[in-house]
Amino acid sequence: MLLLVLRRLLQTALILLGVAAITFLLLYALPADPARMIAGRSATAQTVANIRRELGLDQPFPVQFWTYLHGILQGNLGRSYAQKTDVGALIMARLPATLILMAAGIFVEVVLGLILGIIAALRRGGPVDRVVMMASFVGVSAPQFVVALLLLYVFAVTLGWFPMSGFGSAAHVVLPAATLGILGAGWYARMVRSAMIDVLNQDYVRTARAKGLSSARIVLRHALPNALLPIIAMIGIDIGQFMGGVVVVEAVYGWPGIGQLAWQAIQQVDIPIIMGVTLVSALAIVLGNLLADIIAPLIDPRIRAR
Amino acid sequence: MLNRWLRNTTLATVLALSPLPVWAQETPKQGGDVLITYKDDIATLDPAVGYDWVNWSMIKSLYSRLMDYTPGTPDLIPSLAETFDVSADGLTYTFKLRKGVKFTNGREVIASDVKYSIERAVNPKTQGPGAGFFGSIKGYEDVSGGRSTTLEGIETPDDATVIFHLSRPDATFLHVLAINFASVVPHEAVEAAGGDFGKKPVGSGTFILKEWTIGQRLVFERNPDYFVKEMPHIDKFTVEVGQEPLVALLRLQKGEVDIAGDGIPPAKFLEIKNSPDGAKMIVDGEQLHTGYVTLNTRIKPFDNVKVRQAVNMAVNKERITRILNGRATAANQPLPPAMPGYDKSFTGYVYDVAKAKALLAEAGFPDGFQTVLYSTNTDPQPRIAQAIQQDLAAIGVKAEVRALAQSNVIAAGGTEGEAPMIWSGGMAWIADFPDPSNFYGPILGCAGAVSGGWNWSWYCNADLDRRAVAADSMSDPAKTIDRAAAWGKIFTDIMADAPWIPVINERRVVAKAARMGGSDKIYVDPTRVINYDAIFVKQ
């Protein structure tokens with residue numbers, strides 16, 4: 001187990017190095033010039049050249065990349081071109097908001113997905129199953145932007161139950177988490193349903209039924225744990241996805257996470273911020289998968305043997 | 001349907017015909033707490049660095065400068081300066097500072113602070129975009145070239161006197177001292193912030209930054225010691241960032257927000273405008289803006305003046321103003337109407353498809369040609385580019401629209417031989433200060449026609465450059481009108497060569513709550529967008 005973790009952490013470092021190199025190269029190859037974005041329109045050619053030199057952008061690619069790596073190894077993500085402030089501090093200021101949203105979103109999608117999936121599996125083939133699967137299909141396919149605005153309009157503008165945007169109280173997190181959750185729940189419901197159907201057909205479930213166990217006990221104690229495995233893996237993937245991919249939800253609800261930061265940095269070609277957010281998201285994806293790999297054997301002893 | 005149409009049109013007519021708006025008689029009230037939203041986070045509040053339209057007006061209010069403008073107008077007034085004097089040759093400017101003005105850290109503002117602040121803005125280490133504005137001060141080349149950190153052209157004989165020595169007469173110099181880059185900052189606060197002055201600003205302006213929660217909000221409080229007694233009017237304003245314009249508008253309608261800084265999304269504009277409260281919410285102000293299409297004089301066939309003139313006649317500008325729901329007027333010259341020097345009698349190239357075709361045939365392209373039109377990719381710019389594309393198709397010119405991220409369009413424009421045509425929407429020229437010269441140098445003069453420049457027509461006319469220098473040498477205040485006329489003539493003469501298609505002058509739209517008072521002109525102030533010093537809350 002420890003060996004696995006160590007090996008995976010080493011892999012993580014290599015993956016991050018690869019991500020850093022590729023992202024840096026792509027940003028370097030862009031025609032857009034960060035110095036000119038900072039300098040704006042009235043700047044003279046000399047001003048632009050001065051800014052380029054001060055930022056080290058006049059250096060060849062290997063030198064720039066080495067300087068960046070050197071900083072990273074010392075825990076320094078560099079300074080934002082546009083904001084002239086420490087990138088690490090900017091990301092740290094916004095990371096808690098993203099983590100809260102991620103946790104709340106995963107909670108909603110898992111709970112919702114489990115409930116719907118189990119119901120659908122138990123009522124397999126019936127009208128309830130069909131309605132649930134249809135709803136999950138709609139949930140999966142609906143564009144985030146539309147769902148976000150719809151929830152916002154109904155529950156914040158019309159009913160006034162939740163604040164329209166911002167961050168701070170528990171009420172603020174409900175709509176953004178619900179938006180993420182509704183979309184994710186569709187996937188989970190479908191996975192839980194098929195996994196449950198598989199398990200419910202197993203011999204030991206029939207035995208349990210024959211013993212006269214209550215159906216709640218069969219489902220929760222005997223069937224569900226065995227159906228959970230793919231769900232755990234999926235949560236691991238979601239951790240990574242939500243770290244980088246909640247830009248739309250953050251934008252609609254004014255949620256001060258790192259997606260917003262990245263989006264704005266891309267507009268301004270603020271390379272240190274783009275790099276920083278990319279690395280943090282990549283780290284989250286790798287760690288999320290690692291977490292899933294560690295938890296899986298704890299739940300299913302068969303995996304440990306592998 | 002007809003019913004609603006009738007109701008809407010009648011309402012619009014009534015609004016259009018109604019007499020002077022109520023605000024004309026209002027007097028500003030003291031007090032109030034105002035909430036403003038923006039989509040983008042505030043990048044920096046360092047006056048030597050900040051250069052976008054959102055932080056521009058906040059920086060204006062946090063700091064003071066030797067010169068400033070009367071709110072809502074392009075009229076220069078002394079601000080930190082009590083009096084000033086210009087020598088007859090226009091090369092020496094002497095300023096006497098107001099006595100007893102204090103930074104919000106408690107220290108008095110003295111002459112050496114002015115010198116320090118401008119040197120800091122010019123110093124390459126600051127990485128400031130505005131260094132070039134101070135190019136006429138003696139010793140500028142040494143500082144911007146990194147050979148010196150002090151400007152020999154700024155002299156401070158005592159704590160209350162600043163003397164500027166210029167290397168050439170510069171009629172825009174008073175405007176230069178009123179732009180944000182000339183804001184006066186205390187050196188000890190800059191040093192204490194350790195490179196983070198943009199997040200820990202200290203000035204002597206109307207407001208003090210009290211709180212900055214990254215990614216969420218900034219709280220500005222009234223500076224009780226500000227040197228103009230009745231300024232500012234509001235006690236406090238809070239800026240919430242990261243707010244989607246559509247959501248900000250909904251919050252405004254619910255009364256949660258006082259000013260939606262990003263205005264009204266194009267898709268919602270007509271709905272709001274025609275709603276019962278719409279007229280009270282919409283502030284629609286003229287800004288110093290011209291949207292244009294650059295015609296690259298170094299790319300065939302736009303090297304032929306007849307081709308450039310022909311496409312000028314081909315664009316239906318009225319239709320483009322309709323795409324913007326009437327939030328713009330058609331333009332025929334580079335200067336916007338509110339700019340001194342604008343020539344009202346000039347007609348430019350009138351929309352005439354037949355004439356355009358004839359001229360194109362005369363130039364040797366009876367069947368038109370193929371070209372590329374660049375545009376930024378945020379609504380409504382691609383739609384405007386498509387309208388221009390259709391207009392060009394009518395005279396046989398097949399233009400491929402290339403809608404890209406702003407930074408990529410800017411890169412293409414500044415690369416020689418790359419972009420035949422660029423629609424400037426989304427990055428069009430808005431004046432740094434209300435002076436016609438600001439519309440020439442970087443975007444139409446030879447100095448801008450370089451790699452990485454903003455003269456995307458790559459147009460360079462040595463004769464006009466000479467006239468521009470001559471006009472900027474007319475620094476005698478008595479010659480202001482002659483100077484504006486000289487500049488006006490430069491811009492109308494340039495149209496004979498037609499390096500641009502001047503398309504529209506766009507107005508800025510801000511949405512505000514009914515309780516916010518003050519004329520529209522201080523919400524779309526020609527020199528600072530929202531003038532936080534002058535807005536007030538009605539009681």
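**Entry 1: where the chains meet**

I began with the interface of this predicted model. I found 43 residues of chain B in contact with 41 residues of chain A. Next I asked which helices of chain B supply at least two residues each to the side that touches chain A. I noted α7 (245-254) and α14 (406-413) of chain B. The largest share of that side comes from α14(B), with six residues. I then sorted the side of chain B that touches chain A by class. I got 17 nonpolar, 15 polar and eleven charged residues.

**Entry 2: chain A overall**

I turned to chain A and looked up its secondary structure, which comes to 15 helices and zero strands. I took the box of its C-alpha atoms along the principal axes: roughly 85 × 55 × 30 Å. Chain A has 306 residues, and 41% of them are buried. I also looked at contacts in chain A with a separation of 6 or more. Residues 24 or more positions apart account for 72% of these.

**Entry 3: a helix pair in chain A**

I picked helix α1 (residues 2-29) and helix α14 (residues 271-299) of chain A. Their axes lie 10 Å apart, and the packing angle is about 155°. Angles over 145 degrees count as roughly antiparallel, so α1(A) is roughly antiparallel to α14(A). I recorded the crossing of α1(A) and α14(A) as right-handed. Which residues make the contact? On α1(A) I listed, among them, A:V5, A:R8, A:T12, A:I15 and A:L16. On α14(A) my list includes A:I271, A:I274, A:M275, A:T278 and A:L279. By class, this contact has 16 nonpolar, three polar and one charged residues.

**Entry 4: a sheet in chain B**

I went back to chain B for an open sheet of four strands. I read its order as β4-β5-β7-β6, with antiparallel pairing. Why is one side of β4 (81-86) and of β6 (154-158) left without a neighbour in the sheet? Both stand at the edges, each with a single partner strand, so one side of each has no neighbour there.

I followed β6(B) to its partner, strand β7 (residues 161-165) of chain B. The two pair in the antiparallel sense over three bridges. I looked up B:D158 and found its bridge partner in β7(B) to be B:T161. Last, I checked what packs on the sheet: helix α3 (residues 111-122) of chain B. This helix touches β5 (92-97), β6 and β7 of chain B. The direction of α3 makes about 165° with that of β6(B).

Note on methods:
Residues numbered from 1 in each chain as written. Chains lettered and ligands numbered in written order. Predicted model: local features only at pLDDT ≥ 70, side-chain atom pairs only at ≥ 80, totals over all residues. Axes fitted to C-alpha atoms, helices over the stretch in contact; angles between N-to-C directions. Parallel < 35°, antiparallel > 145°, perpendicular 65-115°, else oblique. Left-handed = near helix turned anticlockwise from the far one by under 90°. Contact = placed C-beta atoms within 7 Å. Nonpolar A, V, L, I, M, F, W, Y, C, P; charged D, E, K, R; others polar. Pairing = 2+ DSSP bridges. Buried ≥ 20, exposed ≤ 12 C-beta atoms within 10 Å, placed from the backbone.
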